[in-house]
Amino acid sequence: MEQPRWWQHGVLYQIYPRSCMDGDGDGVGDLRGVLSRLEYYHWLGVTALWLSPFYPSPMADFGYDVSNYTDVDPLFGTLDDFDALLAAAHRLNIKIVVDYIPNHTSDQHPWFLAARSSRQHPQRDWYIWRDPAPGGDPPNNWLSVFGGSAWQWDERTSQYFLHSFLKEQPDLNWRNPDVRQAMGEVLRFWLDRGVDGFRVDALARVIKEAALRDDPPNPAYTPGQDPYYQLLPTYSRDLPELQEVIGFLRRIVDEYDDRVVIGEVYLPLPRLIAYYEAGVHLPFNFQLLKVAWQPLIIRQVIDTYEGLLSAQQWPNWVLGNHDVSRIATRVGQDQARVAAMLLLTLRGTPTLYYGDEIGMRDVAIPPALVQDPWEKNVPGRGLGRDPERTPMQWSAERQAGFTSGTPWLPLADDFMEVNVVAQRHDPRSLLTLYRRLLKLRASAPALHNGAYAPVGSTGAAGPAGVDEQVLAYTRTGSGNQFLIVLNFSAALVPFMHAKGHGHICLSTELDREGEEVTGTLTLRANEGIIVQIA
Ligand code: NOJ
């Protein structure tokens, strides 16, 4: 077998720069702050950092509204700071992946200011403009992900422009060759600087149907759900022509050695295959963010994914990101340990979200402190993303060691106990578990390259319902076999298996190492175990 590429055997860790580390005391994290914490990521054992946007931006969507793709916002530092961070990371063998936001710019980007200046401007067609429907209504019924119509009326030029997200985030027109050219140059700019790859934002939305037909109603919509789900995005997302755009991006990235293209694609598993085929190395697999935390369901997800992927298509798993509730909140503190073991023993590249390794939880944000425009546009539905974006809890010191100023979002009130310093030297902490899992994974090829096979509890002797409580599988390769057994329940469960005997090399409580295991393994409540089969 070919040597795995770095993005296959490595582990990706997402940094949300606003909340990582504040180097200048303004309450917002910055690149110098990230640089000052590199030693921590190295110690932890992550091998690649993905940085959410740090480009110049009016921050209507906290950096996902870019007004200049080839610079650093002063809030986050300078290009020199970026270069220093990249060089220091590379010295530690840590790769740097940056965000690439092709679907939309900021409405303050010079391209949009030009396009908006007059209908005759040569850059007018860089965005998607349409006359009103008869009666002055928007040109079609498309909805913005962040609430309301996806069309904004432009008074000066008397046309609507399209925005899939905020009205401050107008969608680029990727059917225009000059847009492609300009956005290709953005990739080259960062590749020339030495970045190791891109996480492509909102990839499935980059091309819209040329005729802009109305999206059909969603028959499964129930009132009270996110209003965006009223329509099925048939004509506004995941169009066949997108595959050719992906090929274009991939060809540019392939002009450079060993870089990765990761796609943010919120689509069902079978649809991800088209993105692999078009050239995305890792179309994010968000299933663990979405499905119920139940062994039978998760097993089905794994089996479906494994069944769909060809030998060339490399799996990946995501447990958290800056757009969804944190894992410790979704499944609870006890299951967060099981989740860590699951993420780091499945086949494929894992993505960790900052702070999940210490069990950070969603922080309730008082209405007066809400920052996220989504929450402001569609309030009270739990759509806001501030709770999972609060500052990293580094220590029990003032402001959790994050800033000498006032943090841009409130800190969790548990930061005195839940922080890196407290957990770093605690042999039973979640952080220690993450570090041990990362170490084991790095040293055992079977755990990153090895084949996956599900394991059921055996024999009528097994108590009824074990497979509803326990998820078990093997990873086999390079002459080794590991049996991973995860108890999703708060009950003690005897798990019988036919995998022979071995010894425990890691348990979620970090206290059963070396224990001999035969055909029956008794799992404590919320316990996960990795057995090395003899
Ligand atoms: C997905 C990003 O992850 C999210 O944070 C952002 O608001 C939208 N894309 C729009 O760029």
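Throughout these legends, Ala, Val, Leu, Ile, Met, Phe, Trp, Tyr, Cys and Pro count as nonpolar, Asp, Glu, Lys and Arg as charged, and the others, Gly among them, as polar. The model is predicted, so that local features need pLDDT of at least 70 and side-chain atom pairs count only at pLDDT 80 or more, whereas totals for chains, interfaces and linings use all residues. Residues are numbered from 1 along each chain as its sequence is written, and side-chain values use heavy atoms, with hydrogens and water left out.

**View 1. The second largest pocket.** About 440 Å³ of space lies in the second largest pocket, where a pocket is, on a 1 Å grid over the protein atoms alone, an open set of points where a 1.4 Å probe fits, with protein on both sides within 12 Å along at least five of seven lines, and lining residues have an atom within 4 Å of a point. Its volume is the space filled by probe spheres set on the points, which are joined across faces, edges and corners. Gln8, Ala311, Gln312, Gln313 and Trp314 are the closest to the centre among the 18 lining residues, and the lining comprises seven nonpolar, seven polar and four charged residues.

**View 2. The largest pocket.** The largest pocket has a volume of about 1100 Å³. Its lining has 44 residues, and Val145, Tyr229, Tyr266, Lys290 and Trp374 lie nearest the centre; by class, 22 are nonpolar, nine polar and 13 charged. Helix H9 (residues 287–290) gives the most to this lining, with three residues, helices being DSSP runs of H or I with at least four residues, numbered from the N terminus.

**View 3. The largest cavity.** Four cavities of 30 Å³ or more are found in a search of the whole structure, a cavity being a set of points where the probe fits but cannot get out. The largest cavity has a volume of about 90 Å³, and among the residues that line it are Trp142, Leu143, Arg205, Asp215 and Tyr228. Its lining divides into eight nonpolar, two polar and two charged residues.

**View 4. The crossing of helices H7 and H8.** The axes of H7 (residues 242–253) and H8 (residues 269–278), lines fitted to C-alpha atoms over the stretch in contact, come within 8 Å and cross at roughly 40°.

Notes
Axes fitted to C-alpha atoms, helices over the stretch in contact; angles between N-to-C directions. Helix = DSSP H or I, 4+ residues; strand = E, 2+ residues; numbered from the N terminus.
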